[in-house]
Amino acid sequence: MNKGRLHSIETFGAVDGPGIRTVFFLQGCPARCAYCHNPDTWDPCGGREVDLDEIVSRAKRGKPYYGEDGGVTFSGGEPLLQGKFLFEAIKSLHAEGIGSAIDTSGTYFDEDSESAIAEADLVLLDIKHTDGTVFKELTGRGQESLFRLIEVVNRLGKPIWIRQVIVPGLNDTQAYIAALNDFLTDIEIIRKVELLGYHNMAESKYEKLGIEYKLKGLAPMSNEKLQALSELII
Ligand code: SF4
């Protein structure tokens, strides 16, 4: 599969994995997270077509800045929705000496996802919620893909970064962090755990797209509380 669908590209990304990275936001997502910042990535037919040559040539431009830790991150949308293309892209980048991370939501997994994960150097996993019922309410998806992903990541010995958005009234409690710590004991090679505070900057995008914003009026997460909860991560 030499062609995929791309939403956008970020150069000099510094938050989606270690070091300096070129981030390819792939188009399409099966989830509908209540706080999604990028509803414009949802439609799998949206964005534009991209081929492997473009991915490689854009990634090579950043090579002088990657150093030992940096490289490419494939984010989304949900990049595992385009598993075949993702696998080929990561393989092509490896041939150029560029490492790649996959930034997934754990809301989609199929037979091509495993090949893509096997080829990747790092997985970034955005844990939506540890509780299956809340996960479903928040994303519209079950946790089956999340558990398949964790099983594959463990079996293949892939390192993983965990990210968890903390949303006021949803999971901003010590009890939730205790549940998260417990949940993470099932993942073998964790390099980092990051809590990210909910913010409402995407509200205007929803208005423009004519989509209802389910968390309308919810205040952003306080930095102090986020910091206090971060200290409880073990
Ligand atoms: S998984 Fe990511 S892109 Fe998809 S709806 Fe959730 S936040 Fe948005």
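In which strand is the place of Phe 12?

Modeller: One caution before the answer: this is a predicted model. Phe 12 lies in strand β1, which covers residues 3-13. Look at the backbone there. Phe 12 has a positive phi, about 55°, although it is not a glycine.

Now move to strand β2, residues 21-26, where you will find Val 23. Is Val 23 buried or exposed? A residue counts as buried under 20% relative accessible area. Val 23 has 0%, so it is buried.

Next comes the loop between β4 (71-75) and α3, which holds Gly 77. The peptide bond that joins Gly 76 and Gly 77 is cis, with omega about 15°. Leu 80 sits in the loop between β4 and α3 too. Its relative accessibility is 0%, so Leu 80 counts as buried. Thr 107 is 27 residues from Leu 80 along the chain, and 9.1 Å separates their C-alpha atoms.

Gly 77 also leads us to the ligand. Gly 77 is one of the residues around the ligand, and Cys 29, Ala 31, Arg 32, Cys 33 and Cys 36 are among the others. Thr 41, Trp 42, Ser 105 and Lys 128 belong to these surroundings as well. By type, this shell has five nonpolar, three polar and two charged residues.

Where does the ligand sit? The space it takes is the largest pocket. That pocket has a volume of about 680 Å³. How is such empty space found? A probe the size of a water molecule is rolled over the atoms to show where space is left. The lining of the largest pocket has 29 residues. Nearest its centre are His 37, Asn 38, Ser 75, Asp 103 and Asp 126. The lining divides into 11 nonpolar, 10 polar and eight charged residues. Strands β5 (100-104), β7 (160-166) and β8 (190-197) each supply at least two of its residues.

Now turn to the helices. An α-helix has 3.6 residues a turn, so residues three or four places apart point the same way. Keep that in mind for helix α1, residues 52-61. Its buried residues are Leu 52, Ile 55, Val 56 and Ala 59. Viewed down the axis of α1, they fall within an arc of 95°, so they line one face of the helix. On the other side of α1, Asp 53 and Arg 61 are exposed.

Last stop: helix α3, residues 83-95, the place of Lys 84. Lys 84 has a relative accessible area of 46%, so it is partly exposed. Look across to Glu 114. It is 30 residues from Lys 84 in sequence, while the C-alpha atoms are 9.9 Å apart in space.

Note on methods:
Residues numbered from 1 in each chain as written. Predicted model: local features only at pLDDT ≥ 70, side-chain atom pairs only at ≥ 80, totals over all residues. Heavy atoms only, no water. 1 Å grid on protein atoms, 1.4 Å probe; cavity = no way out; pocket = protein on both sides within 12 Å on 5 of 7 lines; lining within 4 Å. Points joined across faces, edges and corners; volume = space filled by probe spheres on them. Helix = DSSP H or I, 4+ residues; strand = E, 2+ residues; numbered from the N terminus. Nonpolar A, V, L, I, M, F, W, Y, C, P; charged D, E, K, R; others polar. Near = heavy atom within 4 Å. Sits in = over half its atoms within 2 Å of the grid points. Buried < 20%, exposed > 50% of the residue type's maximum accessible area, 1.4 Å probe, protein only. Arc of directions from axis to C-beta.
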